[in-house]
Amino acid sequence: MAALWTMPAAAQQTQGQASALVLEPMSLTNIEQLDFGSIIPSATIGTVTVAPSGAVTTSGGVIAASGDARPARFAGQGSANRVVIKTGSNQIVLTGPGEAMRVDDFEIGALTGLSQIGNGNNFRITGTNGIVGFAVGGRLRVNANQAEGDYSGSFSVTFNYQ
């Protein structure tokens with residue numbers, strides 16, 4: 001019985017694996033600002049919507065007075081064939097000389113080098129060089145009898161590797 005206690009245990013050894021995938025840092029730059037153009041309010045509330053395609057629609061008591069409305073445009077670069085998740089502002093406020101106006105319903109579209117995965121916020125970088133571009137539209141809620149003047153605000157768009 002004592003001999004069993006003094007026998008050394010058989011050692012076991014195996015190899016493990018380690019790996020890393022180095023991705024190009026994601027870059028993103030605002031090329032053009034979201035602009036709802038010149039609008040004429042009335043005694044009735046209304047909205048101005050700028051689609052990512054550049055199409056402009058109004059509702060309620062708002063009239064689009066000029067054709068200078070346009071979506072925001074962004075450009076950037078990342079690692080090809082990687083999935084990225086978009087996050088950003090859900091709504092913002094434009095401030096100026098009168099009552100603040102809310103912007104919401106941000107929509108991303110006019111994709112270059114990106115393809116949307118499903119209906120959510122996931123996109124795949126499809127360009128072999130990793131260069132991406134896209135437009136962002138939104139809806140401006142104009143108050144009744146909105147005071148004349150320039151109004152502004154800022155919103156965020158962030159892409160993160162998944």
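# Reading a predicted model: shape, charges and backbone

Mentor: A compact globule of 162 residues would have a radius of gyration near 15 Å, whereas the protein chain has 26 Å. Please keep in mind throughout that this is a predicted model.

Trainee: What are the rough dimensions of the box that the C-alpha atoms fill?

Mentor: Taken along the principal axes, the box is roughly 100 × 35 × 25 Å.

Trainee: Which elements does the protein chain have, and in what order do they run?

Mentor: The protein chain has one helix and 13 strands. Read from the N terminus, the order is α-β-β-β-β-β-β-β-β-β-β-β-β-β.

Trainee: How should I read the contacts along the sequence?

Mentor: One looks at how far apart in sequence the touching residues are. Among contacts of the protein chain with a separation of 6 or more, 73% are between residues 24 or more positions apart.

Trainee: Where is R82, and which residues does R82 contact beyond its neighbours in sequence?

Mentor: R82 sits in the loop between β6 and β7. Leaving aside neighbours within four places in sequence, R82 is in contact with L21, L23, F123, R124, I125, Y161 and Q162. R82 counts as partly exposed, because its relative accessibility is 28%, which falls between the limits of under 20% for buried and over 50% for exposed.

Trainee: How much of the protein chain is buried?

Mentor: Buried residues make up 31% of the 162 residues. The accessible surface of the chain comes to about 10,000 Å², and 50% of that surface belongs to carbon and sulfur atoms.

Trainee: How should I read the charged side chains?

Mentor: Side chains of opposite charge can pair when their charged atoms come close. The structure holds seven salt bridges. In one of them, the side chains of R70 and D35 meet, at 3.7 Å from N to O. This pair links distant parts of the chain, 35 residues apart: R70 is in the loop between β5 (63–64) and β6 (72–77), and D35 is in the loop between β1 (27–32) and β2 (39–40).

Trainee: Which residues form salt bridges with D104?

Mentor: R102 forms one with D104, the closest N and O atoms being 3.4 Å apart. R141 forms another with D104, at 2.8 Å from N to O. Since R141 lies in strand β12 (residues 131–142) and D104 in strand β9 (residues 101–112), the second pair ties together parts that are 37 residues apart in sequence. Salt bridges that share partners join R102, D104, D105, R139 and R141 into one network.

Trainee: How accessible are R102, D104 and R141?

Mentor: D104 is buried, with a relative accessible area of 8%. R102 counts as partly exposed at 34% relative accessibility, and R141 counts as partly exposed at 28%.

Trainee: Which side chain of opposite charge is nearest to K86?

Mentor: That side chain is E107, which is 11 Å away. K86 is buried yet has no salt bridge. K86 is found in strand β7 (residues 83–88). Not counting residues up to four places away in sequence, K86 touches I108, N121, F123, V157, T158 and F159.

Trainee: How should I read the backbone angle phi?

Mentor: Most residues other than glycine have a negative phi. D105 has a positive phi of about 50° although it is not a glycine, and D105 is found in strand β9. N145 is a further case, with a positive phi near 55° in a residue other than glycine.

Trainee: Where does N145 lie, and is N145 buried or exposed?

Mentor: N145 lies in the loop between β12 and β13 (157–161). At 59% relative accessibility, N145 counts as exposed.

Key
Residues numbered from 1 in each chain as written. Predicted model: local features only at pLDDT ≥ 70, side-chain atom pairs only at ≥ 80, totals over all residues. Heavy atoms only, no water. Helix = DSSP H or I, 4+ residues; strand = E, 2+ residues; numbered from the N terminus. Rg over C-alpha atoms; globule rule 2.2 N^0.38 Å. Buried < 20%, exposed > 50% of the residue type's maximum accessible area, 1.4 Å probe, protein only. Contact = heavy atoms within 4.5 Å. Areas by Shrake-Rupley, 256 points an atom, 1.4 Å probe, with all protein chains shown as cover. Salt bridge = Lys/Arg side-chain N within 4 Å of Asp/Glu carboxyl O. Lys, Arg positive; Asp, Glu negative; His and termini not counted.
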